[in-house]
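I opened this model to see how its chain is put together. My notes follow in the order I looked things up.

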Amino acid sequence: MAKELVFRKFDGTLIEDVNQYVQDWVKENPYGQIIIGCVSQEHNRYVKYAIVIVMHFKDKYGGGHGAHVIKAITVEGKPKKVYTTRNGRRDFDTSTLQGKLWKEVEYTVQAANMLDGCEKKIKIHVDYNSKENAGSHILYAPGLGYAQGMGYEACGKPFAWAATHVADALCR
């Protein structure tokens, strides 16, 4: 992944060193959790990716008290749709959709890798569906396997709220 991720607070303030920013938060919130998610949205000529780092406040008893979220938004040119012809029918080749969805897990892992030396176990939420009839299901096992193979705890829908809700709200 060649594109550098630039994180900002919700008010637009640039975070110069995301690693140090998250480490400072962890020191102040020793019971908190770090969850990272990404979602993409196709527009006319581009694909917008929203990557979020959710710093979930927790107390020593495991109770949640909200979250602090930082975001990175990146835009890429929309790949041309590829069509294949079989038996006189023109069918949409799903590989372009799969490429867009695969970039979501790549961006999520890239963001996690930016948090070098984080004392917390980082959780990755991918927007892939566990239901077999869903379009993103084809990447469910490979995407989770990729994130887990990189050393992160990972989950998909219906448990991937950081991607499905938080990042999705920023991507629209």
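I counted four helices and seven strands in the chain. Helices (H or I, at least four residues) and strands (E, at least two) are DSSP runs, numbered from the N terminus. From that end, the order is α-β-β-β-β-β-α-β-α-β-α.

I noted the ground rules. Residues are numbered from 1 along each chain as its sequence is written, and side-chain values use heavy atoms, with hydrogens and water left out. The model is predicted: local features need pLDDT of at least 70, side-chain atom pairs count only at pLDDT 80 or more, and totals for chains, interfaces and linings use all residues.

**Whole chain.** I looked up burial next. Buried residues make up 41% of the 172 residues. Buried means under 20% relative accessible area, exposed over 50%, and partly exposed in between (1.4 Å probe, protein chains only). I also checked contacts, meaning heavy atoms within 4.5 Å. Among those between residues at least 6 apart in sequence, 64% join residues at least 24 apart.

**Cores.** A nonpolar core is a set of buried Ala, Val, Leu, Ile, Met, Phe, Trp, Tyr and Cys residues joined through side-chain atoms within 4.5 Å. The largest one has 34 residues, and F7, V22, I34, I36, I51, I53 and L115 touch the most other members. Helix α2 (95-113) is one of the elements that give two or more residues to this core. Its share, six residues, is the largest. I picked out I34, which touches V22, I53 and L115, among others. Another core lies apart from this one; its 11 residues include V52, V69, A163 and A167.

**Helix α4.** I went on to residues 161-171, where A162, A163, A167, D168, L170 and C171 are buried. Seen down the axis, the buried residues of α4 fall within an arc of 160°, so they line one face of the helix. The arc is that of the directions from the helix axis to the C-beta atoms. H165 and A169 are exposed on the other side. What covers the buried residues includes β1 (33-42), β2 (46-58), β3 (64-77) and β6.

**D127.** Is D127 buried or exposed? It counts as buried, because its relative accessibility is 15%. D127 sits in strand β6 (residues 122-129). Its side chain makes polar contacts with the side chains of K157 (3.4 Å) and T164 (3.3 Å). A polar contact is a pair of N or O atoms within 3.5 Å; within protein, one must be able to donate a hydrogen and the other to accept it, and residues adjacent in sequence count only if both atoms are side-chain atoms. D127 also touches A163, one of the buried residues of α4.

Note on methods
Lists of a residue's contacts leave out its neighbours within four places in sequence.
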